[in-house]
Each structure stands twice: as structure tokens, then as C-alpha cells.
Amino acid sequence: MSGRSSDEPTPAEPGPPHRTEPLDRPSPAAYRLPPAVRLAAAWSVAVILFITVGGLIVYALVALRAATVPLFLALLGTALLYPVMPWLVRRGLSRGLAAGLTCAVLVAAVFGVLAVLTNSLVHSAPQIAHSLQQAGDQIAERLGPLGDRIKYALSQSAGSGSSLVSSLADGVLSGLGLATQVITGSVLALALVFFFLRDGHRGDELVRSVLPDERADTVIACGLKAFAAMAGFMRGTTLIALIDATFITTGLLILDVPGAAGLGALVFLGAFVPFIGAFLSGTVAVLVALADGGLSRALWTLGVVLAVQMVEGNVLQPMIQSRTVELHPATIMIAVVAGSGVAGILGALLAVPLSAAGLGIINVLRSRPGPGGPSRGAGSPAGGAAADG
């Protein structure tokens with residue numbers, strides 16, 4: 001029997017062959033993107049998702065505008081009229097009767113304002129159109145070929161402006177479908193205003209019956225803040241529009257500018273479309289003054305318009321709307337342009353209050369306490385601030 005000497009080494013057990021890594025192969029960490037690139041990619045995905053969801057929501061709102069437009073108008077009307085409810089209830093009226101009385105006053109006020117504005121525009125439209133045509137002739141004489149183009153634009157706008165009211169009236173009377181939509185939307189908006197006024201105080205109970213306490217508090221705070229922002233915009237804009245129209249109309253009457261009543265009506269309506277409405281109505285007033293009284297009267301009219309706008313921007317806006325509508329002017333301009341692009345004049349009217357409501361909701365969500373952490377905002381809760389506003 002042959003054996004192995006104890007001094008001989010024992011052979012190693014056979015195993016898998018050892019593979020050495022090549023020296024030039026990069027490590028897995030080399031394939032990772034830099035942290036800045038990964039962060040940018042994550043934010044890009046989030047922005048794309050946000051834009052997609054926002055676009056779908058806007059598309060749905062526009063597609064369902066037969067219901068969403070009366071809803072938004074009813075919310076704005078409710079925000080404007082809701083402070084009347086406690087005053088009526090304290091005097092012994094039931095909430096249903098108080099809401100019905102408030103809606104009746106709203107209908108009377110709307111019809112009264114529309115009658116005054118329509119009467120002013122109908123009687124002043126021929127004068128304004130004629131003055132715009134004369135202004136185009138004067139500008140064309142001074143500016144040559146460029147003036148001819150401006151004259152053509154003014155003649156087009158004058159012709160459309162002089163027949164604006166009659167065209168709208170003829171369209172409503174001849175178009176049964178449009179008239180039906182307007183009447184249906186108005187009735188729906190009025191009914192929603194009534195129900196919001198009567199049952200608005202039960203909103204907290206409805207939210208708490210559906211959501212847990214913590215979620216319900218957040219939703220209620222967001223609703224209060226958004227409602228306060230819309231209410232502040234409606235009350236402040238209506239008051240500012242009335243003040244602007246009163247002072248500008250008074251100045252036009254003193255300067256003996258033709259169609260002062262109609263121009264004041266345009267100023268009142270234009271005040272609800274920030275920046276753009278004031279610019280257009282002021283431009284029309286200056287052109288009418290230029291055609292009727294020459295350059296001196298046009299300069300005086302421009303001074304009146306600019307003085308009123310400066311008082312509005314530096315005194316009225318900060319004093320009336322600073323506590324509830326905290327939007328930067330650039331944000332307002334972008335919102336108005338985007339709203340007009342999506343839904344025309346109605347979109348321009350609704351863009352600012354909806355943006356203010358959205359900003360209020362974002363502020364509430366930022367100030368709410370995180371899970372197990374203290375609130376990141378200082379001061380009173382957003383809901384209390386909204387209620388105070």
C-alpha cells in the first residue's frame with residue numbers, strides 16, 4: 001500500500017477558477033448620474049406630471065363649461081354676498097328667507113347695472129365710433145403710411161364697437177340655442193347662490209362626515225382661505241371699479257368729452273380685467289378726446305386717466321385688497337392672458353380670483369403641520385385668517 005509522506009503538502013481542494021477583475025473596468029459607481037442631474041430629472045418628471053394633470057383638469061372644466069361656469073359665477077356671487085347673511089339672521093329671519101331675499105336683491109341689482117351700462121353704451125356708441133374714426137384720420141395725417149395702418153385698425157374697431165350691443169342683442173334673439181344656454185346658466189348660477197347662502201354653514205359638517213379629523217381640518221382651512229380670497233377680490237374689485245368709473249367719468253364730463261357716460265361704463269367693466277381692461281378703456285377715452293378737442297384735450301384726458309390709475313395702484317389696491325389677494329402683478333398678467341386664451345373674456349374675468357384662491361390653498365398646505373411635527377407657519381391657523389379676512 002502506497003502512501004503519502006506526512007512531509008508532502010496536501011493538494012488543495014478543486015474549486016471554481018478565480019477570475020480577477022481587469023484593472024481598467026470602471027466601478028458601478030461610475031455609472032451613476034451626478035446628484036444635480038438626478039435632482040433635475042426628478043423635478044422634470046414632477047413638473048411634467050403636474051402640467052399633464054393640470055391640463056386635463058382645465059380640459060375637463062372647459063368641456064363641462066355648461067356646469068362649471070355657473071358654478072364659478074355662483075361662488076363669486078356667494079363670496080360677494082355672504083356677509084349679508086349674518087346681518088339678516090340676527091334680525092330674526094330664517095336662513096332660507098334671508099338667502100331668498102339676498103338672491104332677489106342680487107337679481108334686481110344685476111338687472112339694474114346691466115340696464116344702466118347698456119343704456120350708456122347704446123347712446124354713446126355712435127359718438128365714440130365717430131370720434132375713433134376722426135382720431136384715425138388725424139393720426140394718419142401725421143404719421144404717413146404707419147398712420148394709414150392705424151387708421152384702418154381704428155376704423156375696424158370703431159365699426160365693430162358701434163354695432164357691438166346690437167350684434168349681441170341680435171345674436172341672442174336669433175340664436176335660440178345661445179339664448180337657452182344663457183338663461184339656463186343664469187338660473188343654475190342663481191339657484192347655486194341660494195343653496196350656498198342657505199347651507200354654506202354646514203360645509204364643515206359635510207367635510208367631517210367624509211374625511212378623518214386631520215384631513216378634514218386641512219380641507220376646511222383650504223376652503224376658508226380660498227373663499228376669503230375670492231370674496232376679497234370681488235368686493236375690492238367692485239369697489240375699485242366704481243371709484244375709477246366715477247372719477248374718470250367726472251373728469252370726462254368736466255373736459256366735455258363726448259360719450260362720457262359710455263366711456264365710464266367701459267372703465268367700470270374693464271376694471272374687472274386687471275391691467276388689460278384699464279389700458280383699453282383709457283386708450284379709447286384718450287382717442288375720443290383727441291378727435292373731439294385736439295391734442296390738448298387728449299393730454300388732459302390722459303392725465304385724468306393716469307392720475308386715477310396711480311391712485312388705484314398706490315392707494316386703493318394696497319388698502320382694499322392687500323389682506324386677501326396677495327398676487328404679484330406679473331402673476332396677475334400671466335393669469336389674465338392664460339385665462340383669455342383658454343376661455344376668452346370669461347376666462348380673463350375668472351383667472352385672477354381663481355389664481356388667488358389657488359395661492360391661498362397653497363399657503364395653507366405649506367403652513368399645515370407635518371406628520372408628528374410642528375406647524376411650519378407662524379401665527380394663527382390659515383382657517384382663522386381666512387375667516388377674519
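The legends below describe close-up views of a predicted model.

**Figure 1. Overall make-up of the predicted model, with 13 helices and zero strands.**
Read from one end of the sequence to the other, the pattern is α-α-α-α-α-α-α-α-α-α-α-α-α. The protein has 389 residues, of which 30% count as buried. For contacts between residues at least 6 apart in sequence, 70% join residues at least 24 apart.

**Figure 2. Crossing of helices α1 and α2.**
Helix α1 covers residues 35-63, and its axis comes within 5 Å of the axis of α2. The two axes cross at roughly 95 degrees. Angles of 65 to 115 degrees count as roughly perpendicular, so α1 is roughly perpendicular to α2. On the α1 side the contact involves Leu 61, Val 62 and Ala 63. On the α2 side it involves Arg 65, Thr 68 and Phe 72. By class, this contact has four nonpolar, one polar and one charged residues.

**Figure 3. Crossing of helices α2 and α9.**
Helix α2 spans residues 65-81, and α9 spans residues 213-254. Their axes come within 8 Å and cross at roughly 75 degrees. This angle also falls in the range of 65 to 115 degrees, and α2 and α9 are therefore roughly perpendicular to each other. From α2, Leu 75, Leu 76, Thr 78, Ala 79 and Leu 80 take part in the contact. Their partners in α9 are Phe 227, Met 230, Ala 231, Met 234 and Arg 235. Sorted by class, the contact of α2 with α9 has eight nonpolar, one polar and one charged residues.

**Figure 4. Ala 66 in helix α2 and its spatial relation to Gly 185.**
Ala 66 is placed in helix α2. Its relative accessibility is 66%, and because exposed means over 50%, Ala 66 counts as exposed. Along the sequence, Ala 66 and Gly 185 are 119 residues apart. In space, their C-alpha atoms are 6.8 Å apart.

With a relative accessible area of 17%, Thr 249 is buried, because the limit for buried is under 20%.

**Figure 5. Asp 256 in the loop between α9 and α10.**
The loop that holds Asp 256 runs between α9 and α10, the latter being residues 260-270. Most residues other than glycine have a negative phi. Asp 256 is not a glycine, yet its phi is positive, at about 60 degrees. The relative accessible area of Asp 256 is 54%, and this residue is exposed.

**Figure 6. Gly 270 in helix α10.**
Gly 270 lies in helix α10 and counts as buried at 11% relative accessibility. Leaving aside neighbours within four places in sequence, Gly 270 is in contact with Gly 277 and Ala 278. The C-alpha atoms of Gly 270 and Leu 280 are separated by 7.6 Å. These two residues are 10 residues apart along the chain.

**Figure 7. Aromatic pairs, of which the structure holds three.**
One of them is formed by Phe 194 and Phe 195. Their ring centres are 5.4 Å apart, with 70 degrees between the planes. Planes over 60 degrees apart count as edge-to-face, and the pair of Phe 194 and Phe 195 is therefore edge-to-face. Phe 194 has 22% relative accessibility and counts as partly exposed. Phe 195 has 40% relative accessibility and also counts as partly exposed. Phe 268 and Phe 272 form another aromatic pair. Here the distance is 5.6 Å centre to centre and the angle between the planes is 75 degrees. This pair is edge-to-face as well. Phe 268 and Phe 272 are both buried.

Technical notes
Residues numbered from 1 in each chain as written. Predicted model: local features only at pLDDT ≥ 70, side-chain atom pairs only at ≥ 80, totals over all residues. Heavy atoms only, no water. Helix = DSSP H or I, 4+ residues; strand = E, 2+ residues; numbered from the N terminus. Buried < 20%, exposed > 50% of the residue type's maximum accessible area, 1.4 Å probe, protein only. Axes fitted to C-alpha atoms, helices over the stretch in contact; angles between N-to-C directions. Parallel < 35°, antiparallel > 145°, perpendicular 65-115°, else oblique. Contact = heavy atoms within 4.5 Å. Nonpolar A, V, L, I, M, F, W, Y, C, P; charged D, E, K, R; others polar. Phe/Tyr/Trp six-rings, centres within 6.5 Å; stacked < 30°, edge-to-face > 60°.
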